[in-house]
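Me: I have a few questions about the words used to describe a structure. Can we go through them one at a time?

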Amino acid sequence: MTDVLVSSPVRGRRRLLGNIILTACGTVGGLTLLALLVLVVWSIGQGLADIGGTLGRSDDASDIFIAACTNSLLVSLLATLGSVSLGVGAGIYVSEVIHSPRLTRGIFGMVQSLASLPSVVFGIVGMHMVTGILAGVPGLLAAALTLSLIAIPRIMLATRDALLQVPDTMRVASYALGATRLQTVRYHILPLAMRGITGGVLTTMTRNFGASAPLVMLGLVLRNETSWQTLPVGVMQAMATGGKSAAELAGAAVAVVVMVHVGVTLWATSMQRRFQPLN
Amino acid sequence: MAEITPATTVLEASHMTVHYGSQLALRDINLSVAENTVTALMGPVSSGKTTLLRTFNRLIDLAPGARVSGSVLYRGRELYAASVDAGEVRRRIGMVFRTPTPFPRSIGANVAWGAEVNGLAKSEDVEGLVEKSLTRAGLWRDVKDRLNAAPSVLTLGEQQRVCIARALAMEPDILLLDEPCAALDPVSSARIEDLIVELKETCTIVVVAETMQQAARVSDFAALLLEGELIEVADTKTLFTRPRDKRTEEYVTGRFA
């Protein structure tokens, strides 16, 4: 009797092909992770020395660096505050409150295209605002406003995606108990969507901290002010003007941006764990 | 007063038609539900049973493009009148779904939630309310030490009874059950069926039955729906033994294609 349970040649070839593909995917994934790690470790390691060097200098490089750090922090905090409250609110409204699926789809279609616009375009919008309706507004606020404009559509999309993960049975069960729309969102939908929303907020925060293109555009009209000069802008300027301290300043700035990114990521991960609802 | 007699009609649909957009879901439904009885809705998949159930507590309002015409009276009041608040309707006409739908909070908080958001329970009464509702749902002894745990520690059957307790906590006048045992094993199903018969003492029940056997076991009245039409409604024994309509006879004898 022939043994029917023995692997056939066709099955063997399939398995080999499967193994090759899996190995390739694994290698690419591993290499990417490794590259990222090297990048983070190298930029911080290299940059720590640069930070020391920059701060130790007697010329104005040290002042520029400290000012840029403060500016970055303030601008990104302001921008995050504005964009998160408006973006999450608008995302919830469009996803949960508008009763017409067609309208919701239409709005998110537009938001999607806004979110994928290159940030330079928003920079131009910001530039025109600063010269037009917002003339006289401090550079810091103008920068935060411009970054908020970029972030709001992205946060709206992140909010929508998180809300889509909440099963519809949860909404229906809540309404069936006589709850209002607001109670349903507040008590059942938001707790379940919180993880996803914090993810979106985190990306925005770190992006705001490292944003450069739109602020460089702003800088074209805000020459007399320096409060919009965040770390990435500082790097660009330092590299453009050259000089002995430029490379060191750039290294220091990049290190701070990377460290903030890593720090915020770690903090947000622990926050997300706290938002894990009972289920 | 007339309300004390068992024959009081609590729900009455007359010439009720439901559309989803341009699609007809229910056509010219005429159905009365008597107080303190169990009415079972039967019919094949997509015959309109769930839609009919959802018109009774206005949950149909949530479906985009749903339109209800005709009339649905709840104790003589038109449910679809412009002045009627759907939330008020739903707190009097509770509903339990096909699969358990516990909220992401503790067992105790789940049970109390509906009563709390509707302002029916003061915070000092909540514990008593939770105990009373879980007792009525036959679950108090099993979960009284685990009220702060997540519902996921319970079996599906127990979760479903948490959902029933949650509906009972609002002291509903009518309880709508949409295939409440669909996701459960036979033992849990039997316990829920016993519960349905017990609950009849205090509220009126309309249940979408998964099987004809279940309808026969739990209901006083049974209705057959086919493709959005109410074919026949009668007391359960009559419907199963001497159906008037040929289609009902075919359905209950299993000759339905």
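Me: At what angle do the axes of helix α3 (residues 107–117) of chain B and helix α4 (residues 126–136) of chain B cross?
Reply: This is a predicted model. In it, the two axes cross at roughly 105°. They come within 9 Å.

Me: Why is α3(B) called roughly perpendicular to α4(B)?
Reply: Angles of 65 to 115 degrees count as roughly perpendicular. The crossing angle is roughly 105°. Therefore α3(B) is roughly perpendicular to α4(B).

Me: Which residues make the contact between α3(B) and α4(B)?
Reply: From α3(B) come Gly108(B), Val111(B), Ala112(B), Ala115(B) and Glu116(B). From α4(B) come Val126(B), Leu129(B), Val130(B), Ser133(B) and Leu134(B).

Me: How do these residues divide by class?
Reply: Seven are nonpolar, two are polar and one is charged. Glu counts as charged, and Gly counts as polar.

Me: What does each chain bring to the contact between chain A and chain B?
Reply: Chain A gives 18 residues and chain B gives 24 residues. On the chain A side, α6 (168–176) and α7 (181–210) each supply at least two residues.

Me: What makes up chain A, helices or strands?
Reply: Chain A has ten helices and zero strands. From the N terminus on, its elements read α-α-α-α-α-α-α-α-α-α.

Me: How do you know whether the radius of gyration of chain A is that of a compact globule?
Reply: Set the two values side by side. A compact globule of 279 residues would have a radius near 19 Å. Chain A has 24 Å. Its C-alpha trace spans about 90 × 60 × 35 Å along the principal axes.

Me: What share of chain A is called buried?
Reply: A residue needs 20 or more other C-beta atoms within 10 Å of its own to be buried. In chain A, 37% of the 279 residues are buried.

Me: Where in chain A is confidence lowest, and where is it highest?
Reply: Helix α8 (residues 213–221) of chain A is lowest, at a mean of 75. Helix α3 (residues 101–115) of chain A is highest, at 93. The mean pLDDT of chain A is 84. In that chain, 94% of residues reach 70 or more.

Note on methods. Residues are numbered from 1 along each chain as its sequence is written. Chains are lettered from A and ligands numbered from 1 in the order in which they are written. This is a predicted model: local features need pLDDT of at least 70, side-chain atom pairs count only at pLDDT 80 or more; totals for chains, interfaces and linings use all residues. Two residues are in contact if their C-beta atoms, placed from the backbone, lie within 7 Å. Helices (H or I, at least four residues) and strands (E, at least two) are DSSP runs, numbered from the N terminus. Axes are lines fitted to C-alpha atoms, for helices over the stretch in contact, and angles run from 0 to 180 degrees between N-to-C directions. Angles under 35 degrees count as roughly parallel, over 145 as roughly antiparallel, 65 to 115 as roughly perpendicular and the rest as oblique. pLDDT is the predictor's confidence in each residue, from 0 to 100. The radius of gyration is taken over C-alpha atoms; the globule rule is 2.2 Å times the number of residues to the power 0.38. A residue is buried if 20 or more other C-beta atoms lie within 10 Å of its own, exposed if 12 or fewer, and partly exposed in between; C-beta atoms are placed from the backbone.
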